[in-house]
Amino acid sequence: MTASGPVRLTPTEARIIEFIERHEDKPCSKAQIAAVLGRNEKTVDRLLSRMRREGIVRSTPVYADNGAQLANVYTVLDEVWPQD
């Protein structure tokens, strides 16, 4: 459920949500997520973009000391997915 109403997740989106919840507050790349799920990196990129747009997931960029961008930290928004 989002602010705009219910959202149907694909099986891969549900697995991405589970991955993010298991790796909360830890940077992870789309390539890492894709490898664990056995999916194509472009598929994971497209699905994460949709979930960000729908307000299901938030991504926070992480930067190295020299300013280079590292893997993002992904968070499932609590207001959308209440914890048990």
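With which residue does Lys30 form a salt bridge? In this predicted model, in which local features need pLDDT of at least 70, side-chain atom pairs count only at pLDDT 80 or more, and totals for chains, interfaces and linings use all residues, the partner of Lys30 is Asp45, with the closest N and O atoms 2.7 Å apart. Residues are numbered from 1 along each chain as its sequence is written, and side-chain values use heavy atoms, with hydrogens and water left out.

A salt bridge is defined as a side-chain nitrogen of Lys or Arg within 4 Å of a carboxyl oxygen of Asp or Glu, and the structure holds three. Lys30 and Asp45 form one of these salt bridges. Lys30 lies in helix H2 (residues 30-37) and Asp45 in helix H3, so the pair links parts that are 15 residues apart in sequence. Helices are DSSP runs (H or I, at least four residues) numbered from the N terminus. Lys30, at 23% relative accessibility, is partly exposed, a class lying between buried (under 20% relative accessible area) and exposed (over 50%), computed with a 1.4 Å probe on protein chains only.

Asp45 also pairs with Lys42, the closest N and O atoms being 3.7 Å apart. Both residues are in helix H3, three residues apart, about one turn of the helix. Lys42 is exposed, at 59% relative accessibility. Through shared partners, Lys30, Lys42 and Asp45 form one network of salt bridges.

Arg50 and Glu13 form a further salt bridge, with a closest N to O distance of 2.7 Å. Arg50 belongs to helix H3 (residues 41-53) and Glu13 to helix H1 (residues 11-22), so this pair ties together parts 37 residues apart in sequence. Arg50 is partly exposed at 23% relative accessibility, whereas Glu13 is buried, with a relative accessible area of 1%.

Definitions and conventions. Helix = DSSP H or I, 4+ residues; strand = E, 2+ residues; numbered from the N terminus.
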